[in-house]
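Work through the exercises below with the sequence and the structure open. Try each task before reading its solution.

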Amino acid sequence: MNATTHVAPNAGSASSLRLLRDILEEQFATRTNRLTELMLCGAVPKHGYDPRTLAALTRAARQGVVDTADALRRMSQNTYGICERCRQAIPLGRLRMYPEARYCAPCHQIRRP
């Protein structure tokens, strides 16, 4: 059974996958823009953030871009919606809440530090 067979029933329909792709593409654009803004803030002496806050915001924005890009890559490889730990389908509700999710909720809890 290939990943597409896992993803389609889990997602409910092709329209659900299209919606999730649209959400991810919008997130990618928004997060990329935010990262750009933060990088520009770092180049301007009076940017409104103390250096530690700016560094933390920049790290979080960078990770958001990476996570979203990874989810889009998994979609193109037909592995989106499959838990990377247990290889079971991630429920649609979780994907709607966290479209970049790599793990089902139980596996996410197991791998948390």
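**Exercise 1: Two loop residues**

Asn-78 lies in the loop between α3 and α4 (92–97), where helices are DSSP runs of H or I with at least four residues, strands are runs of E with at least two, and both are numbered from the N terminus. This is a predicted model, in which local features need a pLDDT of at least 70, side-chain atom pairs count only at pLDDT 80 or more, and totals for chains, interfaces and linings use all residues. Residues are numbered from 1 along each chain as its sequence is written, and side-chain values use heavy atoms, with hydrogens and water left out.

Solution. Step 1: phi of Asn-78 is near 60°, which is a positive value in a residue other than glycine. Step 2: Asn-78 has a relative accessible area of 41% and is partly exposed; buried means under 20%, exposed over 50%, and partly exposed in between, with a 1.4 Å probe and protein chains only. Step 3: Arg-87 is placed in the loop between α3 and α4. Its phi is near 65°, again positive in a residue other than glycine. Step 4: with a relative accessible area of 46%, Arg-87 is partly exposed.

**Exercise 2: The whole chain**

Task: list the elements of the protein and state how far the model can be read.

Solution. Step 1: there are 5 helices and 0 strands, in the order α-α-α-α-α from the N terminus on. Step 2: the protein has 113 residues, of which 31% count as buried. Step 3: the average pLDDT (the predictor's confidence in each residue, from 0 to 100) is 85, and 85% of the residues score at least 70. Step 4: over residues 1–11 the pLDDT is below 50, and this stretch has 25 contacts in the model beyond near neighbours in sequence; a contact means heavy atoms within 4.5 Å. Where pLDDT is low, the predicted coordinates should not be read in detail.

**Exercise 3: Cysteines**

Task: how many disulfides does a search of the whole structure find?

Solution. Step 1: a disulfide is a pair of cysteine sulfur atoms within 2.5 Å. Step 2: the search finds 0 disulfides. Step 3: Cys-107 is in no disulfide, and the nearest cysteine sulfur, that of Cys-104, is 3.6 Å away. Step 4: Cys-107 is buried, with a relative accessible area of 4%.

**Exercise 4: Pocket lining**

Task: which helix gives the largest share of the lining of the largest pocket?

Solution. Step 1: a pocket is an open set of points on a 1 Å grid over the protein atoms alone, where a 1.4 Å probe fits, with protein on both sides within 12 Å along at least five of seven lines; lining residues have an atom within 4 Å of a point. Step 2: residues lining the largest pocket include Asp-67, Arg-94, Tyr-98 and His-108. Step 3: helix α5 (residues 105–111) gives the largest share, 4 residues.
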